[in-house]
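Biologist: I'd like to learn how to read a structure like this one. Could you walk me through it?
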Amino acid sequence: MATLSFRALRGDTRTVPVELRSNFRHLYLDILWYGVLAGSAISFLTVYATRIGADSFQIGLIAAGPAVINLMFTLPTGRWLETRPIGPAVFWSSVFHRFFYLIWVVIPWLLLPNVQLSLYIVITLLMTIPGTVLAVGFNALFADAVPAEWRGHVTGVRNAVLSVAFIVASLVSGVILERVPFPTGYQIVFAIGFVGAAMSSFHLAFVRPLSDGRQQRRAWHRLGDLASPGGMRSALEGTRTSVGERFLTRSGGKSLVRLEILSGPFGMVIAGLFFFHLAQYLAIPLFPLYWINKLNFSDGLISLGQALFYAAVFIGSTQLNRVSKRFGYHRVLAVGVLGLAAYPAITSIMQGPALYLLVSVLGGLAWSMVGGAIGNYILERSPENDRPAYLAWYNLALNAAILLGALLGPLMAEWVGLSAALLLAAVARAASALFIWRKG
C-alpha cells in the first residue's frame, strides 16, 4: 500500500514489469530494515558514548575513524569490484559489515565504560572495511538491477519507506531508553539495529543484476537516494553524502587520480565541497555533548528531534525537483549549506527543548536541499566520458574533510568551549556557502 500511495502521489501510473517486481520488492524491504538500523543503533551510538563519559575527542574519533578507512579503501574497492560478480560481493560485504552490530549489543555487559569507548572506536574502524565494499558495491548493484527509466521511481519509493522506518525506529528507541534502565535500554536499541541490519542483508541476497547490467550501469541518472548503505552516519551527519560511487567500479583501466583534473574548473568545485564538508564535521561531534552535558536532554527528546529532522528531510526532498528546475542545483546547494549554518549557530544559544525541536526541522529542510543537490551538482560539472576520475576526487575530498573536521572540532571545543566552537563551525559553514555560490 505504501508503494501504491507513493506512486499516486508522484503521478506515476506505470505498471512495473513482472521481471522487475522481485528486485523492486527486495530493494524496498532492504531499505525498510536499513531504516530500522539507522534510526536505532546508528543514531544512538554517539549518544550512548556521551552518557558513559566520552569527551569531544573520542566522539570525533567515532566519526573520523571510518573516513581514514574510506580514504584507504574506496578506490581500490572500485577496482576490485570491476572483476567480481556484483551481487555476491554486495551480499557478503553486508554480512561481514553488519555482524559487528551484534558486538555492540554485548560490549556493555563485559567491559568498564572507558574500555567500552576504546572498543567502540576500534570496531567502527574494522567494520568500515567491508562497509566500504558494501557502499561502493551497492551503488553498482542498484544500477545493474534497476533499468534507467525506473530508477527515479524506485529511489522515490525507497526514500519514502526509509523515512517512515527511520522515524518510527527513532521514536520507539526513545521510548525504550526512557523506560528501560541504563545501559540495558541501549543494548535493546543496539539489538533492534542488529535485527534491522541482518534483515537488510537478507533482502540484498535476492536483488539480481539484469542480464545487461554492465550497459545499465553506464547510464547516468540524477541521484536522490537518501540512504548510504555501508556507512554509519547518523541523521545529523547527512543521510547521503557519498556520490555516484557506482562509477568507481568502471574505470576502464584509466587512472582515477589525475592532478590535471584539479587544475581546471572542477578544482573550484572540489575546493568548495571540501570546505563545506570540513565545516559540516567541525560541529557534528559537538552536538551530543552539548545536548547531554550542557542541556541535560533526555533520550526521548533527542529521539524526537532526530525524527523531526528526518521527517523534514523527506518532506523537503519531495520538493527538490521543482525547486532545482527553477533555480539550478548550484544555487540550491549554496542556499542549503547556508541554512545548515543555522543549526550549530542556534544550538550554541539554545536553553531548552523548544529551540531544539525547531532547529531540527529547519536543519532537516536545509539538509534536504544539500543532500539532494550535491550529487547532481557534481555530475553536472563532470564530463560523462571521464566521470569516475572526477568522482574519485570528490570521494577523496569528502573523506579527508570528514577526518580533519571530526578531529579539529573537538580541539576547538577544548580551546574555546562548546558554545564558541559551535559558533565558529556555523561561521565556517556560512563561509563555505558563500564560496560555493561565488566560485563553484
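Biologist: What percentage of the residues of the protein chain count as buried?

Modeller: Of its 440 residues, 59% count as buried (under 20% relative accessible area with a 1.4 Å probe, protein chains only; exposed is over 50%, partly exposed in between). This is a predicted model: local features need pLDDT of at least 70 and side-chain atom pairs pLDDT 80 or more, while totals for chains, interfaces and linings use all residues. Residues are numbered from 1 along each chain as its sequence is written, and side-chain values use heavy atoms, leaving out hydrogens and water.

Biologist: How many helices and strands are there?

Modeller: The protein chain has 18 helices and zero strands; helices are DSSP runs of H or I with at least four residues, strands runs of E with at least two, numbered from the N terminus.

Biologist: How is a pair of aromatic rings described?

Modeller: By the distance of the centres and the angle of the planes. Rings of Phe, Tyr and Trp (its six-membered ring) pair if their centres lie within 6.5 Å; planes under 30 degrees apart are stacked, over 60 edge-to-face, the rest tilted. The structure holds 23 aromatic pairs. In one, tryptophan 104 and tyrosine 120 have ring centres 6.2 Å apart and planes at 85 degrees, so the pair is edge-to-face.

Biologist: Are tryptophan 104 and tyrosine 120 buried or exposed?

Modeller: Both are buried. Ring pairs also link Trp104 and Tyr120 into a cluster with Tyr48, Tyr101, Phe182, Tyr186 and Phe190.
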